[in-house]
Amino acid sequence: MAQELVLEIAGLEKTFNPGRPNAVTAISGLDLSVRPREFVSIIGPSGCGKSTLLRLVGGLIDPTAGDLSVNGRSAQEARLARDYGMVFQAAGLLDWRSAIRNVELPLELMGWSKSRRRSRATEMLDLVDLGGFASHYPSELSGGMQQRVSIARALSFEPALLLMDEPFGALDEMTREYMQAELLKIWRETATTVVFITHSIPEAVFLSSRVAVMSPRPARIAAEIPIDLPERAPQVRDTEEFFRSVSLVRRTLRSVEHE
Amino acid sequence: MADPSSTRRARTRRTLIFAVFLVVLALLYTGYKAFGQAIDDTQRDWWVVGSFLPRSDDKNMPPVLDILAEFGQAPREGGTTIGRLTLDGALFTLREAAVGFAAGTIIGLAIAVVLLQSRRAERGVVPYVIASQTVPLIAIAPIVVVWGRTGLEFLPWEWQDWMSVSLIATYLTFFPVAVNGLRGLQSPSPEAAELMQSYAASRRQVLRRLQLPASLPYLFPALRIAATASVVGAIVGEISAGVRGGLGRLILDFAGKYITGPERLYVAIIGACITGLVAVGLVAAAERLLLARRGIVAQ
């Protein structure tokens with residue numbers, strides 16, 4: 001059973017500054033599981049600890065209590081085994097490296113040979129439709145393009161789990177919708193498992209196979225809403241089913257906030 | 001980035017502006033001199049005004065053309081010209097400065113990397129780094145030279161006096177490199193650091209791929225300061241330590257003969273200025289080479 005889950009979280013708790021007057025319990029009693037190839041969005045009121053959850057999953061910070069396993073390993077072990085590709089709201093490209101050299105960075109750290117990482121990085125840039133921009137520097141790319149480079153970089157080493165923290169939060173609406181379609185295309189092509197943090201309800205509904213709604217602090221997963229849309233093309237945003245799912249998520253969020 | 005022809009045009013324009021600046025400087029100097037001379041001439045009747053202004057006779061302000069001509073004069077008949085002496089001295093001093101600059105840069109960076117490892121170390125050590133710069137250079141220079149002559153026998157090579165001067169230049173250069181270098185190493189965003197962490201990058205990899213490249217834009221302004229400081233440090237070091245062969249000694253010699261030939265000292269001063277400019281120019285060239293494609297080149 002446990003082997004079939006990519007991510008399994010049970011009774012997770014995170015308290016910052018434990019035992020001190022300024023102690024804050026950000027997350028308490030949080031359960032969540034993610035199956036292979038699933039696209040799970042996590043949505044919640046702002047400041048509820050969504051990013052904290054992502055950092056816990058990514059092994060960047062340690063939980064105070066609870067179980068968290070990624071393919072049967074602890075978050076730290078999984079991080080050291082390079083199971084994670086991470087994408088943040090800021091693209092975080094190194095501005096002294098061209099687009100392709102940015103994509104190569106994790107491969108370089110992992111000791112890939114030059115020719116192997118060059119060919120993989122080229123493949124990844126093609127995947128995000130930036131094949132023609134390999135030698136461009138971040139300062140020469142738009143925000144959306146930078147974020148696509150960042151996605152290519154995160155996927156370059158085929159991580160078991162793609163963790164995305166409001167990756168499109170800084171983009172304008174048009175770019176955002178375009179990027180969502182691109183991400184879905186990439187998700188289908190690479191068969192990656194994705195955990196996606198967002199505060200946009202339509203974004204969560206459009207992208208996900210499942211939306212997990214977080215409660216206010218101390219956060220837990222208050223509800224999980226499966227999304228069943230016939231096809232994930234941009235037109236689906238104008239269908240009755242899409243609206244129904246959006247309003248269901250919205251009502252759930254509202255009820256959670258006023259618990 | 002702009003195309004190469006426009007950067008070349010910008011460089012030509014800068015050179016032109018610099019040439020114009022030099023000419024204007026020479027004209028102002030000559031103009032003031034002529035003005036002061038005229039007042040001096042009428043001083044018998046008008047002495048009150050004349051005594052208010054700095055003297056501008058040929059002793060105090062030798063004519064520009066005389067200074068330029070002095071480059072070609074030889075102190076002894078058929079001997080080495082003043083210009084040649086100054087060039088030799090400048091090269092000697094530049095070598096001392098370059099060695100000191102290189103050592104200072106390495107030491108400064110090493111200090112920055114060590115302080116980067118812990119906030120506590122940073123808070124504890126930085127005040128001492130700053131305090132180190134309050135020690136008067138003129139006082140420690142002779143000490144360093146004496147140490148060099150008598151105390152460094154354990155070294156595998158023979159210690160030369162000019163190395164003591166380099167050491168003094170090192171003392172001046174490590175400071176800006178350490179302070180700015182640390183700021184630069186700390187400049188990457190928390191996201192960039194987390195990203196490296198998510199790739200399970202080692203501390204060394206983070207330093208090499210993230211922190212060191214990120215520090216370059218902070219480092220180069222410090223290196224420019226260090227370049228001029230190393231030249232000034234070398235000259236002052238030569239003078240107070242009594243090391244021969246460089247600009248410092250030359251300045252001391254020419255200052256002693258100022259009454260009989262003031263032009264010579266001016267030649268040495270111009271030589272020192274050019275040496276400093278060459279040092280800064282070398283750093284700027286390295287900066288252009290390294291930061292050219294980042295779109296964040298200074299100026």
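**Note on the two-chain model**

1. Strands E1(A) and E4(A) run antiparallel and are joined by 5 bridges. Pairing here asks for at least two DSSP bridges between two strands. Glu8(A) has Ser69(A) in E4(A) as its bridge partner. Strands (E, at least two residues) and helices (H or I, at least four) are DSSP runs, numbered from the N terminus.

2. Ground rules for reading on. This is a predicted model, in which local features need pLDDT of at least 70 and side-chain atom pairs count only at pLDDT 80 or more, while totals for chains, interfaces and linings use all residues. Residues are numbered from 1 along each chain as its sequence is written, and chains are lettered from A and ligands numbered from 1 in the order in which they are written.

3. The E1(A)/E4(A) pair belongs to an open sheet of 4 strands, ordered E2-E1-E4-E5 in chain A, with antiparallel pairing. Strand E2 (24-34) and strand E5 (73-74) of chain A are at the edges; each has a single partner strand, so one side of each has no neighbour in the sheet.

4. At the E5(A) end, strand E4 (residues 65-70) of chain A is linked to E5(A) by 2 bridges, and the two run antiparallel. Val70(A) sits opposite Arg73(A) in E5(A). The two strands form a hairpin with 2 residues between them. Asn71(A), in that turn, has a positive phi of about 50°.

5. What lies across this sheet? Helix H1 (residues 50-57) of chain A lies across strand E1 (7-16), E2 and E4 of chain A. The helix runs at about 120° to E1(A). Axes are lines fitted to C-alpha atoms, for helices over the stretch in contact, and angles run from 0 to 180 degrees between N-to-C directions.

6. Chain A also has an open sheet of 6 strands, with the order E6-E7-E8-E3-E9-E10 and mixed pairing. Its edges are E6 and strand E10 (221-226) of chain A, each with a single partner strand, so one side of each is left without a neighbour in the sheet. With direction ignored, neighbouring strands of this sheet are turned by 20° against each other on average.

7. Strand E3 (residues 39-43) of chain A pairs in the parallel sense with strand E9 (residues 210-214) of chain A over 4 bridges. Val40(A) has Arg210(A) as its bridge partner in E9(A). E3(A) also pairs in the parallel sense with E8(A), over 5 bridges.

8. Leu162(A) stands opposite Val194(A) in E8(A). E7(A), helix H6 (residues 173-190) of chain A and E8(A) make a right-handed β-α-β unit. Right-handed means that, with the strands pointing away from the viewer, the path from the first strand over the helix to the second runs clockwise.

9. Is strand E8 (residues 193-198) of chain A buried or exposed? Of its 6 residues, 6 are buried, so the strand is largely enclosed by the rest of the structure. A residue counts as buried with 20 or more other C-beta atoms within 10 Å of its own, exposed with 12 or fewer, and partly exposed in between; C-beta atoms are placed from the backbone. In a regular strand, side chains alternate between the two faces of the sheet. Thr193(A), Val195(A) and Ile197(A) point one way from E8(A), and Val194(A), Phe196(A) and Thr198(A) point the other way.

10. Now the interface. In total, 18 residues of chain A contact 16 residues of chain B. Contact means C-beta atoms, placed from the backbone, within 7 Å. On the chain A side, helix H2 (75-80), strand E6 (84-87) and helix H3 (99-109) give two or more residues. H3(A) supplies the largest share, 3 residues. By class, this side has 12 nonpolar, 3 polar and 3 charged residues. Ala, Val, Leu, Ile, Met, Phe, Trp, Tyr, Cys and Pro count as nonpolar, Asp, Glu, Lys and Arg as charged, and the others, Gly among them, as polar.

11. Chain B is divided into domain 1 (1-61) and domain 2 (62-294). These bounds come from an automatic or database domain assignment. The C-alpha centres of the two domains of chain B lie 30 Å apart. Between them, 7 residues of domain 1 contact 5 residues of domain 2. The domain 1 side divides into 4 nonpolar, 1 polar and 2 charged residues.

Notes:
Two residues are in contact if their C-beta atoms, placed from the backbone, lie within 7 Å.
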